[in-house]
Amino acid sequence: WLNAGRDRTGMTQHEALMRETLRLAEQGRGRVSPRPLVGSLVVRDGVIVGRGFYHEPEPTHAEVWALREAGSLAQGATLYVNLEPCSHYGRTPPCTEAIIAAGIKRVVASIRDPNPQVNGRGFARLCAAGIEVLTDVLPVEGTRLNEVFLINQLEQRPFVHLKLATSLDGRIATHTGASQWITGAAARAAGQALRHGYDAIAVGTGTVLADNPQLTDRTGQYRHRPLVRVVFDSARVRLPVTAHVVQTAQVCPTWLVTVASPQRLEDLSRLEQHGVRVFYVEADEHGRPHLPAALNRLFAEGIASLLVEGGSTLAGAFVDARLVDKVTCFLAPRIIGGGGLNAIGGQGATTLEETLNLTDGTIEPVGTDFALTGYASRT
Ligand code: AOF
Ligand code: ZN
């Protein structure tokens with residue numbers, strides 16, 4: 001009674017195997033940046049005979065791992081991969097050639113690779129070799145999995161994920177400044193776990209002064225590059241040498257993004273002596289780092305993804321600049337009211353046509369709180 005080719009959950013066999021491919025790719029999280037999360041399967045007569053996923057420090061691409069495991073069983077088999085196979089000589093030879101040489105009959109993919117070195121050439125090369133190519137299998141899931149890589153390739157800037165933890169009325173502190181803790185332990189742990197998938201965490205100096213946070217990845221899972229703590233400061237340079245992020249800068253990188261301030265050179269050199277890297281970018285109209293310039297600079301330094309953790313001023317600046325791709329809000333079912341501090345400062349919208357809208361939202365309970373996630377609408 002099943003629909004042709006579909007299992008009891010309504011998925012086709014291609015979709016079910018692509019789901020497994022995406023699950024494999026996910027295992028690379030925290031160890032692929034600035035490259036994509038890629039998984040691959042070799043399937044012969046409905047049986048998985050090879051698996052692979054991309055993970056640094058090995059430069060080997062997912063497809064090649066899967067082909068290696070399959071060995072001679074790859075002859076006449078189908079290869080699943082969530083990203084178009086590469087067709088260029090990079091750190092490794094092109095996967096298209098390995099696929100052709102192995103005798104693969106059909107390639108099933110989720111999304112095209114926008115990397116200008118590939119961008120359709122991988123599929124074209126496979127077709128030219130007589131391989132059947134089927135793409136756009138679970139394209140929404142494939143796009144989400146590589147949301148960082150896709151923004152990097154298409155916009156040449158880091159992917160920006162704004163993380164908030166607020167009361168039901170969108171506040172992050174009471175009118176006296178009390179802020180620890182608005183959300184419960186489970187939500188705080190979930191927020192910390194997000195850090196594992198990111199290259200850098202951004203906070204404003206106000207947050208460092210108020211909370212003196214550690215801003216570390218405490219998942220205990222392997223990551224191939226250390227998490228970078230990026231502090232955004234104005235020309236006043238208020239980041240104190242005594243801050244935890246400065247005191248530990250030798251073991252866990254801390255970068256300061258600021259604007260040129262000749263009267264603060266002594267403070268800056270003291271921070272540098274503690275191992276803080278200082279980046280100067282042009283000032284915006286408030287005398288704070290111009291965010292597009294700051295992101296450009298961070299991208300050039302290898303930061304492919306940034307988790308913005310606050311506070312109100314920095315979150316507001318990112319929202320005003322519309323440099324937010326994704327938002328996760330841990331929402332506590334409590335109301336602060338009165339003059340409590342808003343999670344998002346900045347200029348804000350004047351009309352309702354100017355608000356930053358989220359789409360594809362999901363909400364799920366986390367302990368006694370809720371995690372709301374959405375993507376900035378591009379319209
Ligand atoms: C990966 N892993 O499994 C696949 C990738 O820097 P290279 O030479 O390793 O090339 C990286 C590019 O290759 C990457 O940006 C993407 O376009 C393509 N596919 N990359 O790192 C993989 N399949
Ligand atoms: Zn490749």
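The dialogue below reads an annotated site, a ligand shell and a sheet in a predicted model.

User: Where does His 61 lie, and is His 61 buried or exposed?

Analyst: A residue is read as buried if 20 or more other C-beta atoms lie within 10 Å of its own. His 61 has 27 other C-beta atoms within 10 Å and is therefore buried, although His 61 lies in a loop, the one between strand S2 (47–53) and helix H2 (62–70). Not counting residues up to four places away in sequence, His 61 touches Val 38, Tyr 54, Cys 86, Thr 92 and Cys 95.

User: Why does Cys 86 count as buried, and with which residues is Cys 86 in contact?

Analyst: Cys 86 counts as buried because 25 C-beta neighbours lie inside 10 Å, and its place is the loop between strand S3 (78–83) and helix H3 (95–101). Leaving aside neighbours within four places in sequence, the contacts of Cys 86 include His 61 and Cys 95, which UniProt also lists for "binding site"; Pro 94, Asp 113, Val 118 and Gly 122 are in contact with Cys 86 as well.

User: Which residues come nearest to ligand 1, and how do the residues of its shell divide?

Analyst: There are 16 residues around ligand 1, of which Val 38, Tyr 54, His 61, Gly 90 and Asn 115 come nearest. By residue class, the shell divides into nine nonpolar, four polar and three charged.

User: How should I read the sheet, in what order do its strands run, and which are the edge strands?

Analyst: Strands of a sheet pair through backbone hydrogen bonds, in either a parallel or an antiparallel sense. Here nine strands form an open sheet with mixed pairing, in the order S11-S10-S9-S8-S12-S6-S13-S16-S15. The edge strands, each pairing on one side only, are strand S11 (277–280) and strand S15 (358–366). From one strand to the next, the twist averages 20 degrees. As one example of pairing, strand S8 (residues 200–204) and strand S9 (residues 228–232) run in the parallel sense over five bridges, with Ile 201 standing opposite Arg 229 in S9.

Methods. Residues numbered from 1 in each chain as written. Chains lettered and ligands numbered in written order. Predicted model: local features only at pLDDT ≥ 70, side-chain atom pairs only at ≥ 80, totals over all residues. UniProt positions renumbered as here; feature names shortened; annotations may be inferred. Helix = DSSP H or I, 4+ residues; strand = E, 2+ residues; numbered from the N terminus. Buried ≥ 20, exposed ≤ 12 C-beta atoms within 10 Å, placed from the backbone. Contact = placed C-beta atoms within 7 Å. Pairing = 2+ DSSP bridges. Axes fitted to C-alpha atoms, helices over the stretch in contact; angles between N-to-C directions. Near = placed C-beta within 6 Å. Nonpolar A, V, L, I, M, F, W, Y, C, P; charged D, E, K, R; others polar.
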